[in-house]
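Subject: Model handover

Hello,

Here is the model we talked about. Please load it first, then read the notes below.

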Amino acid sequence: MSGAIAALAGGEVRRLFRSPLAWLVLALGAGFMALDFMLLVVRYLENAAALRSIGVTRAVLVPYFLAANLGALLAAPLLTMNAIAGERRDGTLRFLYTAPLGAVDIVAGKLLGVLTLALAYVLLVALIPVTLFWGAPIDPGIYLANLLGLALFTLMHVGLGLMCSALTRQPVAAALVALVVSLSLWLLDWAARLDPDAATVGGYATLARLRGFAHGLVSSADLAWFLIASVLFIMLSVLLVDADRRLA
Amino acid sequence: MTDDVLLAARGLSRRFGPRTALDGIDITLRRGEVLGFLGLNGAGKSTTMQILAGALVADAGHVTVCGHDLARAPRAARSVVGYLPQTPPLYDDMLVDEYLALCARLYGVPRAALNAAVARARARCGLGDVGRRLVRHLSRGYQQRVGLAQAIVHEPAVLILDEPTNGLDPAQIRDVRALVTALAAERAVMVSTHVLGEVRLLATRIAILHEGRIVHDADNRGTDGHVRVRFTAPPAAAALTALAGVRTAEPLGDGRFALDLEAEDDIVASFANAASAAGWGLVELTPDYDALEHLFMRLTAGRAA
């Protein structure tokens with residue numbers, strides 16, 4: 001990694017942590033997930049007889065990670081909205097254009113900065129259920145598969161948020177567009193289930209792609225889907241920044 | 001002198017929709033030179049500076065900085081340019097030192113030299129005691145200085161400053177003038193401003209841009225050779241230009257003239273002797289401090305966009 005990309009990523013992390021937004025997102029994320037985890041454990045304990053057949057891993061961990069993915073879906077637009085749109089609005093994007101950086105460097109720096117924060121969220125989510133390992137027969141394979149699913153899902157949504165941020169000079173508009181697109185991709189699964197004619201579009205649903213990870217199955221198709229979608233969004237971000245630089 | 005050319009722009013054109021902002025302009029900057037870049041609002045000054053700094057792409061023409069073509073080797077070209085836009089590009093949620101260090105690293109200053117580069121830029125711009133303060137907590141004048149510091153933190157060979165004294169008080173303006181003069185010793189500097197007096201004191205060369213074209217590009221003579229005279233029996237302007245050493249004579253009414261004299265030793269004394277001998281009743285002869293304003297108004301009048 002070049003020094004300039006590292007500097008840009010470091011600057012992004014500093015600025016994110018100096019704003020209340022990042023702390024709020026992390027605090028709300030951790031609080032929401034801890035509460036969700038506690039409720040799932042309480043539900044399991046209260047219905048142990050009925051839920052014993054599916055096991056604590058499926059009864060607690062699987063819905064816990066599903067909620068964590070939904071948390072990432074909501075957090076990613078907030079963390080990425082300022083990355084490029086905010087710089088464009090404040091006139092600092094033009095400053096980056098005059099530095100000896102390419103569009104790839106700018107997007108890579110921004111991406112790494114936001115991913116550092118996103119990684120903090122994923123680590124928090126990963127740490128909360130670790131307590132179960134001491135007192136319950138947790139399947140580590142399913143835990144790790146869910147964690148991998150969450151990491152890929154977060155990466156994809158950070159990429160999507162970055163692309164939306166590269167589209168506009170209004171951070172709020174960028175966040176809204178990212179939210180609408182990510183919720184649509186999530187809800188495609190429901191549409192596919194409700195309407196058999198829409199079954200083919202269900203393959204593009206992020207929720208459907210997470211199902212394998214949730215059950216401990218890491219299929220190369222799901223892995224590739226998330227990675228290709230992430231790369232696609234990141235490449236589109238690069239193209240948008242490059243076009244902005246040329247056509248401004 | 002060719003070796004000393006640090007920036008050369010040829011045939012720069014740029015349109016914004018139907019409006020032509022720049023129409024094939026040429027600009028050359030040499031080491032040790034401060035180019036004062038003047039023009040009315042909307043003349044194309046900022047567009048030119050953005051293109052030279054690599055922030056904007058020209059529709060036609062090319063720019064070479066220190067031998068690097070801005071289009072073909074953009075990184076190499078941009079790395080030797082320092083640019084301060086009209087609004088300083090500041091991250092107001094960073095500390096001054098953090099921000100300057102970020103700028104230095106983006107421009108390839110090695111980690112080992114980072115602290116020294118930041119300290120030097122801060123000292124030069126009078127930011128000695130604000131390194132640990134958030135940019136947003138600084139006054140407008142200090143923020144302008146931070147913007148100037150980011151432009152010089154990587155020791156660029158070419159410095160492009162778009163209205164660098166915006167928002168500064170008279171003492172700060174004097175400091176910036178001294179800083180630019182000092183920096184120009186080893187660099188080429190281009191400064192745009194609306195304050196003509198500032199350009200007269202600062203620039204070694206003056207270019208005037210009007211409606212996307214360079215309408216004047218010459219060495220700054222300050223008040224040398226520019227005089228104002230008043231006669232009790234004024235002659236025709238042609239009679240004045242017929243005198244040796246008088247380039248132009250512009251009637252100002254009431255027996256007054258603005259004269260442009262050849263840059264020769266004792267030219268003013270020779271002119272005074274000739275005018276007295278002619279019996280025109282020379283009663284006033286003063287340096288023309290408004291010569292630049294006069295030139296500017298003449299070149300930009302009647303053709304406003």
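A residue is called buried if 20 or more other C-beta atoms lie within 10 Å of its own, exposed if 12 or fewer, and partly exposed in between, with C-beta atoms placed from the backbone. This is a predicted model, in which local features need pLDDT of at least 70, side-chain atom pairs count only at pLDDT 80 or more, and totals for chains, interfaces and linings use all residues. Residues are numbered from 1 along each chain as its sequence is written, and chains are lettered from A and ligands numbered from 1 in the order in which they are written.

Asp254(B) counts as exposed because it has 8 C-beta neighbours inside 10 Å. Its place is the loop between strand S12 (246-253) and strand S13 (256-261) of chain B. Helices (H or I, at least four residues) and strands (E, at least two) are DSSP runs, numbered from the N terminus. Phi of Asp254(B) is near 60°, a positive value in a residue other than glycine.

Glu155(B) also has a positive phi without being glycine, near 55°. Glu155(B) is found in the loop between H5 and S7 of chain B. With 18 other C-beta atoms within 10 Å, Glu155(B) is partly exposed.

**Confidence in chain A**

The mean pLDDT (the predictor's confidence in each residue, from 0 to 100) of chain A is 91. In that chain, 96% of residues reach 70 or more.

Arg246(A) is found in helix H12 (residues 220-247) of chain A. Arg246(A) is exposed, with 11 other C-beta atoms within 10 Å. From Arg246(A) to Ile84(A) is 162 residues in sequence and 16 Å in space, C-alpha to C-alpha.

**The sheets of chain B**

Strands of a sheet pair through backbone hydrogen bonds, either parallel or antiparallel. Here two strands pair if DSSP finds at least two bridges between them. One open sheet of chain B has six strands in the order S6-S7-S8-S3-S9-S10, with mixed pairing. Its edge strands are S6 (81-84) and S10 (213-219), each pairing on one side only. The twist averages 15° from one strand to the next. Axes are lines fitted to C-alpha atoms, for helices over the stretch in contact, and angles run from 0 to 180 degrees between N-to-C directions.

Within this sheet, S3 (residues 34-39) and S9 (residues 205-210) of chain B pair in the parallel sense over five bridges. Leu38(B) has Ile208(B) as its bridge partner in S9(B). Helix H5 (residues 140-152) of chain B lies across S6 and S7 (158-162), running at about 165° to S6(B).

S1 (residues 5-16) and S2 (residues 19-30) of chain B run antiparallel, joined by nine bridges. Val5(B) stands opposite Arg30(B) in S2(B). The two strands form a hairpin with two residues between them, and Gly17(B) in the turn has a positive phi of about 65°. S1(B) is also joined to S4 (residues 60-65) of chain B, antiparallel, by five bridges. There, Ala9(B) stands opposite Val63(B).

Leu7(B) is found in S1 of chain B. Why is Leu7(B) called buried? Because 24 other C-beta atoms lie within 10 Å of Leu7(B). Leaving out residues up to four places away in sequence, Leu7(B) touches Leu29(B), Leu52(B), Val65(B), Val158(B) and Ala188(B). Contact means C-beta atoms, placed from the backbone, within 7 Å.

**Cores**

A nonpolar core is a set of buried Ala, Val, Leu, Ile, Met, Phe, Trp, Tyr and Cys residues joined through C-beta atoms within 7 Å. The largest has 158 residues, of which Leu162(A), Tyr99(B), Leu100(B), Val158(B), Ile160(B) and Val189(B) touch the most other members. H9(A) supplies the largest share of this core, 14 residues. Apart from it lies another core of 11 residues, including Leu240(B) and Phe271(B).

**Where the chains meet**

How many residues of chain A are in contact with chain B? The count is 20, against 21 residues of chain B. Helix H1 (3-18) and helix H6 (92-98) of chain A each supply at least two residues of that side of chain A. H1(A) gives the most, with eight residues.

Best wishes

Key:
Two residues are in contact if their C-beta atoms, placed from the backbone, lie within 7 Å.
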